Amino acid sequence: MANINWRTINIDAYDPDSAFNFDLTTLTPAVQPVSTSDVQTLSGQIRQLVRGGNAEGALQGALENAPYGADEQGKSIHLSVVTEVLGQIRQAEMTPILQRLYQADGGSELCDTLMKYIYKGMGQGAPGSGAASKNITPQATGFSQAGGRNFGGEGGGQSMSVFLSWHEKLVEMVGPGSIVRVMSDRRTV
Amino acid sequence: MSAPEVHHLFHAPIPDHSFSADRSTLAVCRDTEVELHARRSPTAFAHSSTLRGHDKTITGVDIAPHSGRIVTCSQDRNAYVWEPSPSAPDTWKPTLVLLRINRAATCVRWSPNETKFAVGSGARILATCYFEEENDWWVSKHLKKPLRSTVTSLAWHPNSVLLAAGSTDGHARVFSSFVKGIDERPEASVWGERLPFNTVCGEYLNPTAGWVHDVAFSPSGDALAFCAHDASLTVVYPAGPEQPPRAVINVSTQLLPFRSLLWTAETEVVAAGYDCGVYRFQGDGEGWGLVGAVEKEGGGKAGAAEGEGQSALNMFRSMDLKGRSGGSVDDTRLKTVHQNTVNTVRVYEESGGKVSKVSTSGVDGRVVVWTL
């Protein structure tokens, strides 16, 4: 008896009414499961659009098809594609693109998705550092290449400045409401 | 629109407030007590009496418009019904209501016919309470399923049987709280025909599954609106029992989330919350949209009075003392009347089914009456 640590017993497990014994995913919005290979195909198509010079179409496509139902790997592949697209758009083009995006049908939703990717990208930290090295994927090299074109090794700082200027322009348009939505939304990117 | 009537009662948050039907008494929650303020003049309230009994923060207060009874609920897991004593004025007789909940009570509202009241709680329970004559006490009946998390708000349908609850699991739900012997059988409505106790008439999730802060039935009771922590307002038009709703309209705003909302007419909703202002929405089954703020720009008189005496001296003084170059304009005040989050929006005055005045209370200790 003496060697049982009573404080570490999960009492919720013994309560049939407890939320612990309840599958909480039934309460969240239903998301379509997406396989990693599908995400990879999609990111190939988006990259093709960027190479063709249609960065705006690429951004819209990437945001409309955000893989909410993918696993961690799939999500990080998609994040690196979105980061690449964002890095390809020049500062002067950001506001007009966001305006067109916001005013289109369901634009508010797309802007919220973009906000999610901006925050997720900021949270990733510099590529190659300890925080990001655990989810290195073939696409992560593309991520560091896209960001590090000017400063070589210091790609993290470069992409961070891209995120920050997008964030500023986006908040001007959608207000703090979008930030709150990103925080409360259970559909994570 | 005339200027809002502002009552700065004290420097403490007001979780909930309620006016009596003749608007001469204002009940506000203050920590573990409920303060009653009596109207002394058209612009001023004075503290008249205090209801003591709870020993933890009071989360809800409601004055029944006809009987004048006050119901309060608190984080101490109890509710009290306060009745005015016929002999001495300004004294109240409390009756303890055993809610049988094991978490804090979060909100309380009388049903429109005043025979029942409902208490939401953190125990994933909605307690419906009614008075049992033969035993001379208030009985609590629990609505449990399918609540999966804390009930943050509740609202009564005009028929006093249907009850809407907003919860932190992201759902707004409509229940039947029909009690045999207390309620008459309600007429069939879009929510259903046969409504035994704990019938779930509707269950709605907002797109992001954010916390639901407040729910409200439209004046006719045929539509339900709720606001959630994703800074959106959702309006649901049910089509009939066991059918998917006719329309679910979600308006996401650029503002911070709303804490409380209120229907002022069948096509208008007023909401207030973390943005400290009161906002108006209009729409119908086809679509809803944000119309704008109820208060005019600069309603909080931010720097209006102080700004006049602007001079070089003031400018340098403020740079010197406060380290700012904005001159003497005080930028520590918000531009809204409320200087902090608005917690509750209530009907203050209504005529012919249209609300003409609403009252709000907030974390800044102010109660404000707005003319719409």
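I started with A:Thr95, which lies in helix α4 of chain A; helices are DSSP runs of H or I with at least four residues, strands are runs of E with at least two, and both are numbered from the N terminus. The model is predicted, so local features need pLDDT of at least 70 and side-chain atom pairs count only at pLDDT 80 or more, while totals for chains, interfaces and linings use all residues. Residues are numbered from 1 along each chain as its sequence is written, chains are lettered from A and ligands numbered from 1 in the order in which they are written, and side-chain values use heavy atoms, with hydrogens and water left out.

**Entry 1. A:Thr95**

I looked up the accessibility of A:Thr95 and found it partly exposed, because its relative accessible area is 26%. The cut-offs are under 20% for buried and over 50% for exposed, with partly exposed in between (1.4 Å probe, protein chains only). Leaving aside neighbours within four places in sequence, I found A:Thr95 in contact with A:Lys169 and A:Met173; contact means heavy atoms within 4.5 Å. I also noted 8.0 Å between the C-alpha atoms of A:Thr95 and A:Leu170, which are 75 residues apart along the chain.

**Entry 2. Chain A overall**

I counted eight helices and zero strands in chain A. Along the sequence the pattern reads α-α-α-α-α-α-α-α. Of the 189 residues of chain A, 43% count as buried. Among contacts in chain A between residues at least 6 apart in sequence, I noted that 78% join residues at least 24 apart.

**Entry 3. The largest nonpolar core**

I then listed the largest nonpolar core, which has 35 residues. Such a core is a set of buried Ala, Val, Leu, Ile, Met, Phe, Trp, Tyr and Cys residues joined through side-chain atoms within 4.5 Å. Among the residues with the most contacts inside this core are A:Leu59, A:Val85, A:Leu114 and A:Trp166. The elements giving two or more residues to this core are α1 (36-51), α2 (55-64), α3 (72-88), α4 (91-103), α5 (107-124) and α8 (155-184) of chain A. Apart from this core lies another, of 19 residues, with B:Ile249, B:Phe258, B:Val269 and B:Phe281 among them.

What does A:Leu114 touch, leaving aside its neighbours within four places in sequence? I found contacts with A:Leu59, A:Leu63, A:Leu86, A:Leu98, A:Trp166 and A:Leu170.

**Entry 4. Helix pairs**

I took α2(A) with α3(A), whose axes come within 10 Å and cross at roughly 155°. Axes are lines fitted to C-alpha atoms, for helices over the stretch in contact, and angles run from 0 to 180 degrees between N-to-C directions. The two helices are therefore roughly antiparallel to each other; angles under 35 degrees count as roughly parallel, over 145 as roughly antiparallel, 65 to 115 as roughly perpendicular and the rest as oblique. On the α2(A) side I listed A:Ala55, A:Ala58, A:Leu59 and A:Ala62, which meet A:His78, A:Val82, A:Val85 and A:Leu86 in α3(A). By class this contact has seven nonpolar, one polar and no charged residues. Ala, Val, Leu, Ile, Met, Phe, Trp, Tyr, Cys and Pro count as nonpolar, Asp, Glu, Lys and Arg as charged, and the others, Gly among them, as polar.

Next I took α3(A) with α5(A), whose axes come within 10 Å and cross at roughly 100°. These helices are therefore roughly perpendicular to each other. The contact residues include A:Leu79 and A:Leu86 of α3(A), and A:Leu114 and A:Ile118 of α5(A). I noted six nonpolar, three polar and three charged residues in the contact of α3(A) with α5(A).

For α2(A) and α4(A) I found an angle of about 45°, with the axes 11 Å apart. This pair is therefore oblique. Here A:Glu56, A:Leu59, A:Gln60 and A:Leu63 in α2(A) meet A:Ile97, A:Arg100 and A:Leu101 in α4(A).

**Entry 5. A:Ser178**

Not counting residues up to four places away in sequence, A:Ser178 touches A:Cys111, A:Asp112 and A:Met115.

**Entry 6. Chain B and B:Tyr348**

In chain B I counted one helix and 28 strands. Buried residues make up 53% of its 372 residues. I picked B:Tyr348, in strand β26 (residues 342-351), which counts as buried at 9% relative accessibility. The C-alpha atoms of B:Tyr348 and B:Ser20 are separated by 9.2 Å, and the two are 328 residues apart along the chain.
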